[in-house]
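Visitor: I'm new here and would like a tour. Could you show me what we'll be looking at?

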Amino acid sequence: MTRLSIIHAAEPSSSATDPGLPPVLEVQGLGKTYGAITVLSGVDLSLQPGEVHAVIGENGAGKSTLMKLLSGHVAPTVGQIRLEGAPVSFPDAATAEQAGIVLVHQEILLADDLTVAENLFLGREIGPWWTVSDRQMDARTREVLARIGSVARPRDLVRDLPLAQRQLVQIARALLDPRKVVIFDEPTAVLAHDEVAALLAIVRQLRDAGAAVLYISHRLDEVEALADRITVLRDGQMIGTFPAAGMSQRRMAELMVGRRLDMLYPPKRTDPGETLLEIEALSVEHGRQEASLTIRAGEVLGIGGMIGAGRTELIEGLMGLRPATARRIALRGEDVSKRSVKAWQKRGVVYLTEDRKGKGLLLGSDLAQNLTLAALTETHPGVMLHPGRETRALEGAVSEYDIRVRSLRLTAGQLSGGNQQKLLLAKIMLTDPAVVIIDEPTRGIDIGNKSQIYDFIDKLVRDGRACVVISSEMSELVGLADRVLVMRAGRVVAEFAGDQITEENVVYAATSSRQDHQEAAP
Amino acid sequence: MTTVEMTQTRSRDGWQIRWSDLGPWIALAVIVLVGALINSNFLTSANLGNVITRSAFVAIIAIGATFVIASGGLDLSVGSMMAFVTGVMILVMNSLAPTYGASAIFMGAGVALIVGALCGLLNGLVVTIGKIEPFIVTLGTMGIFRALITWMSDGGSIPIDRDLRAAYRPVYFGSFLGVPIPIWITVAVVLVGAFLLYRTKFGRRVQAAGANPEVARFSGVSVAGVRTMAFVLQGVCVAIAAICYVPRLGAATPTTGQLWELQVITAVVIGGTMLRGGRGRIWGTIAGALIIETIANLMVLSDMVSEYLVAAVQGVIIIIAMLAHRFLR
């Protein structure tokens, strides 16, 4: 705060965070409902010019929805948005941009095969008549890039740029025209440490120039370093707006987590059995990570961390789905050298992907084909298919996993998310595995199906199997897991068991960089 | 309660007609009906037999293509491969004829099957191990096979040995139980193809690999292996077509099988197999091959449209078929 006031004292022209100034953007009672599901409700927010306003919350808290509502990508169901005092509603993102509000997306949305300048001016090319003037566009591109400290040149192909430079090009595109409000959605998710520092400098520069910056992040250290005020969202509800001064990272984590657990989860198991799977120093290609873990029978091992912490990559590396190396991997004390989905399946280790629609199910194929795809050999001994066995397997799965279907001849794409997940669970259980690894077991699933899936997981573990659950929902890890590993930037940074498994601990370990603070301290 | 509800819907499903499967056959029936009205000679058994026999080659190759396309691949080289296999087969037969007499035909046919399988294997391995688009790979091998037959025949033709001709003739011109031999061979290939695609684990994996290779990979299916095998099957089908085809012309020439790849792909696509992979439809492919040949036949029989426009009409048909897929689902 002191640093801020010094800046403004030195620059009297930017009268910025003077509380007497009217807010540039005001939001009242904003909410969004999809069908019967309310993803965001009751958000009141005000943005002062020259302020960095951070929005924090767990995955699924509604941060991204809020950003999309403000930037015209999604229309709100209820509530009012006022820009400089006048009520506005944006039919699309282009209108919002013309009004001076721009969203810098989390994902890189650039055309790889076009040049930097072409990307910057895509859809708003300049030039006389219907022609384009590369000279004019290059000049303005050079100017914007210089302003944000990018080393890219206007004629560089985006394809040839490293990820961090692409991110800067995306920011340059957003800042091509003067903006009143700039919204950053997890801008540092793809950046390395020193690139993050450069990005924070850009944000400060914007603020000092008098723009209002809405900054969404789950990296609490960045929020602490950058924000003037902090708004906390939880489960689609607004918890409150707090001044950033004096707010510790731990306090932020507590506000994000907030509530106590309900009766959603089965009681925990108490005594784990033998060690089934030992993984030593597994590192995935293109990652800096090197993770070690052990998996025991009769135990739910949770793997927590924020999106992008490298959890899915780690497991895909283990399963041979992406290149990886390991010092040693052993199943029941026996070294495993060949890693492929098929080889693991023969040894009793199966993996259920988080990407239900992209990697889990053949959406256009019927339920039986999906159910038996991984277990074709078990379901159909010999060369031929046995339709009768397959139908029986499906009937068994439908009743055991309570898959609600109108007909057994539906395609997988016609099922609801919850039923798709149950079908996938049935699919991997068909091979009678000993170790079951499930990535985001309840993503996008309603509460009833969630609770059922927790019960299935509990049952398979009580049957003496081991279950690994990767989850971005902290409450799920706390409620379900007997032991929790927390990953951050590709490494296992903490392990909790028993009473130590709390949302505060997990969130804190997943988001804060205690090492950095220790290093920074004299 | 749920069980009762389910069995009821299931019995109802049992009688459900899949219009998308029947579509090509309905189209064929309409074309035949139109043909009967246009020209009285069309519906004679001699003419129909001729049409079906002529469609046999495209049909046999298209069965293989159904596997390749269903697995997410594409093979443009089938026409050239057919010419190349034909050439190799005739050379082998001719060189063996003096020693082994008519048995040389069987040996030549055996060699043709092996050469066809190897050609398919080549395509498959470059696609899967080289990780190159099948369109590009088979565009390349298409040129290679075509150049090889031109080179082998020195730009002219490779005729089959006069002594073998009489013994080999029945494979195209003969008939069994009143049905021409090529039709029997086609029926056999279709039955084997349908069995492989619909009744074996291999067929299930082919369709999974085409529908979504990522899902297949995450389910432990060797996508590369399955796709390679589909190309090998394609090569074998090409060889079978070549074996039937040789007695018809008695020679291999640089123009043998020219543009057949287009007819083959047309037959597969009209038949309802998705070009982007996934579900393969063997029976639809047969209907597609028959439609192509029937239309060509009708245009020759009637005077309404010049037969030089056959390719144009086939082009229109493939586009109509695709539009029907899109809007009639």
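This is a predicted model: local features need pLDDT of at least 70, side-chain atom pairs count only at pLDDT 80 or more; totals for chains, interfaces and linings use all residues.

Visitor: Then how do α3(B) and α13(B) lie to each other, oblique or roughly perpendicular?
Guide: Helix α3 covers residues 45-70 of chain B, and its axis comes within 9 Å of the axis of α13(B). The two cross at roughly 65°. An angle of 65 degrees still falls in the class just described, so α3(B) and α13(B) are roughly perpendicular.

Visitor: What is the handedness of that crossing, and which residues of α13(B) do the meeting?
Guide: α3(B) passes α13(B) in a right-handed crossing. From α3(B) come V58(B), I61(B), A62(B), A65(B), T66(B) and I69(B). Their partners in α13(B) are W260(B), Q263(B), V264(B), I265(B), A267(B) and V268(B).

Visitor: How many residues of the contact of α3(B) with α13(B) are nonpolar?
Guide: Let's sort that contact by class. No charged residues turn up there, and 2 are polar. The nonpolar ones number 10.

Visitor: How do α4(B) and α13(B) lie to each other?
Guide: Helix α4 of chain B runs over residues 78-100, and helix α13 over residues 260-270. Their axes are 6 Å apart, and the packing angle is about 125°. Roughly perpendicular stops at 115 and roughly antiparallel needs over 145, so α4(B) and α13(B) come out as oblique.

Visitor: Which residues of α13(B) does α4(B) meet, and how does the contact split by class?
Guide: On the α4(B) side you'll find V78(B), G79(B) and M82(B). They meet W260(B), E261(B) and V264(B) of α13(B). By class, this contact has 4 nonpolar, 1 polar and 1 charged residues.

Visitor: How is α10(B) placed against α12(B)?
Guide: Here the helices are α10, residues 201-211, and α12, residues 223-249, both in chain B. They pack at about 110°, with axes 9 Å apart. That angle makes α10(B) and α12(B) roughly perpendicular.

Visitor: Which residues make that contact, and what is the handedness of the crossing?
Guide: α10(B) brings R205(B), V206(B) and A209(B), while α12(B) brings V223(B), V226(B), R227(B) and A230(B). Sorted by class, the contact has 5 nonpolar residues, no polar ones and 2 charged. As for the crossing, α10(B) passes α12(B) in a left-handed one.

Visitor: What does UniProt say about residues 51-69 of chain B, and how far apart are the ends of that span?
Guide: The unreviewed UniProt entry places a "transmembrane region" at several stretches of chain B, including residues 51-69 and 134-152. In the model, residues 51-69 are 100% helix and 0% strand. Residues 134-152 are likewise 100% helix, with end C-alpha atoms 26 Å apart. For residues 51-69 of chain B, the end C-alpha atoms lie 25 Å apart.

Visitor: What is the radius of gyration of chain B?
Guide: Chain B has 15 helices and 4 strands. For its 329 residues the globule rule gives 20 Å, and the chain comes close to that, so chain B is as compact as a globular protein of that length. Its radius of gyration is 21 Å.

Visitor: And what is the radius of gyration of chain A?
Guide: Chain A has 20 helices and 21 strands, and its C-alpha trace spans about 75 × 55 × 45 Å along its principal axes. A compact globule of 522 residues would be near 24 Å, and chain A agrees with that. The value for chain A is 25 Å.

Visitor: Last one: how many residues does each chain give to the contact?
Guide: On the chain A side, α11 (341-347) and α12 (356-360) each supply at least two residues. That side divides into 11 nonpolar, 9 polar and 4 charged residues. The contact takes 24 residues from chain A and 18 residues from chain B.

Note on methods: Residues are numbered from 1 along each chain as its sequence is written. Chains are lettered from A and ligands numbered from 1 in the order in which they are written. Axes are lines fitted to C-alpha atoms, for helices over the stretch in contact, and angles run from 0 to 180 degrees between N-to-C directions. Angles under 35 degrees count as roughly parallel, over 145 as roughly antiparallel, 65 to 115 as roughly perpendicular and the rest as oblique. Two residues are in contact if their C-beta atoms, placed from the backbone, lie within 7 Å. Ala, Val, Leu, Ile, Met, Phe, Trp, Tyr, Cys and Pro count as nonpolar, Asp, Glu, Lys and Arg as charged, and the others, Gly among them, as polar. UniProt positions are given in the numbering used here, feature names are shortened, and annotations may be inferred rather than shown by experiment. A crossing is left-handed if the near helix is turned anticlockwise from the far one by less than a right angle, and right-handed if clockwise. The radius of gyration is taken over C-alpha atoms; the globule rule is 2.2 Å times the number of residues to the power 0.38.
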